[in-house]
Amino acid sequence: MEYRRLGSSELLVPALSFGAGTFGGQGELFGAWGNTDAEQARRMVDVALDAGVTMFDTADVYSDGASEEVLGRAIAGRRDRVLVSTKAGLPTGPGPEQAGSGRSRLIGAVEAALRRLGTDYLDLFQLHAFDAATPVEEVLSTLDDLVRAGKIRHVGASNFAGWQLMKSLAAAERGGQPRYISHQIYYSLVGRDYEWELMPLARDQGVGAMVWSPLGWGRLTGKIRRGQPLPEGSRLHSTAAAGPPVNDELLYDVVDVLDEIAVETGRSVPQIALNWLLSRPTVATVIVGARNEKQLRQNLGAVGWTLEPEQVARLDEVSAVTPPYPYYPYYRLPDFARLAPPLV
């Protein structure tokens, strides 16, 4: 396993991390992801650790906290061997105190996560969404207190817009408070919006990308192809679990090229899609989930090899879409190239 620094921090994370969204399996969304129990989870943690996957990511909203509970039982007795990342900020109930990033909400969320995970500290705590109703100074002051108390070692963000992330980083700089070292984001061959603003920001500010749903919400598993019905059991049957919309022709064109490269390399379609992500600028770790041990072992095969430059170029070309204003001039007009140096 390759290990990379998470942003500009000293924290080393594996190129592949394990996402525990399949643990617990409660509710329409997370029930469609999986329903791994504690015994199964412990076995999957065994497999992950044997492969060098040391980081495990979860959130309080995953199955109403059941994901954290199952992960906690799965890592019991080996806390010193793993990095634990969790998130809070999305609504966990109807009450005003059950959402956002206000001081009392964050303190309560961290205390609850520690109890469910059976640990006394979190290696990484990330805000699951930007809270526009709470001043960033209050958020950062609270996170600073939690770091000083030893309950959090590093802080990060997830699903922030560019201005939200930059505002938070600037405020942390002014106040001498912990800066976000990570941004957990959606990124895949059929969802490259991250590249338009968030990737240049991350490179400039030293923020490492932690990629979630790297297979496009199940679209790049190799089971979905032009002219064929959705496979039985696909999460795409559930509107709640389908994720951002993807143009069908774009998807089929990308899969066609993935199929070609699969023949050339002897690798599977998911392995190729994951490997492409690992070569992208700012990506520190790609979070892979799995409903069972077979899927996990399949995903672990995405590391230890590299695509040929020509294969990467084909994937770049087939998955490219025209960015929206104001980003598109830098991609389309040669005269603007000097204003936006390439990231690769």
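Reply: Start with a term: a polar contact is a pair of N or O atoms within 3.5 Å, and within protein one must be able to donate a hydrogen and the other to accept it; residues adjacent in sequence count only if both atoms are side-chain atoms. A polar atom of the Arg4 side chain lies 2.9 Å from the backbone oxygen of Val283. Arg4 is part of strand β1 (residues 3–5); strands (E, at least two residues) and helices (H or I, at least four) are DSSP runs, numbered from the N terminus. Arg4 is buried, at 15% relative accessibility. Buried means under 20% relative accessible area, exposed over 50%, and partly exposed in between, with a 1.4 Å probe and protein chains only.

The model is predicted: local features need pLDDT of at least 70 and side-chain atom pairs pLDDT 80 or more, while totals for chains, interfaces and linings use all residues. Residues are numbered from 1 along each chain as its sequence is written, and side-chain values use heavy atoms, without hydrogens and water.

Now the rings. Two rings of Phe, Tyr or Trp (its six-membered ring) pair if their centres lie within 6.5 Å; planes under 30 degrees apart are stacked, over 60 edge-to-face, the rest tilted. The structure holds nine aromatic pairs. Take Phe130 and Trp163: their centres are 5.4 Å apart and their planes at 70°, so this pair is edge-to-face. Phe130 sits in the loop between β6 (124–127) and α5 (136–148), and Trp163 in helix α6 (residues 162–175), so the pair ties together parts 33 residues apart in sequence. Trp163 is exposed, at 52% relative accessible area. Trp212 and Trp217 also form an edge-to-face pair, with 5.6 Å from centre to centre and 80° between planes. Trp212 is partly exposed, at 22%, whereas Trp217 is buried, at 10%.

Ring pairs also link Phe130, Phe160, Trp163 and Tyr180 into a cluster. Some of these names return around a cavity: Phe130, Phe160 and Tyr180 are among the residues that line the largest one. A cavity is a set of points on a 1 Å grid, over the protein atoms alone, where a 1.4 Å probe fits but cannot get out; lining residues have an atom within 4 Å of a point. The largest cavity has a volume of about 50 Å³, where volume is the space filled by probe spheres set on the points, joined across faces, edges and corners.

Conventions: 1 Å grid on protein atoms, 1.4 Å probe; cavity = no way out; pocket = protein on both sides within 12 Å on 5 of 7 lines; lining within 4 Å.
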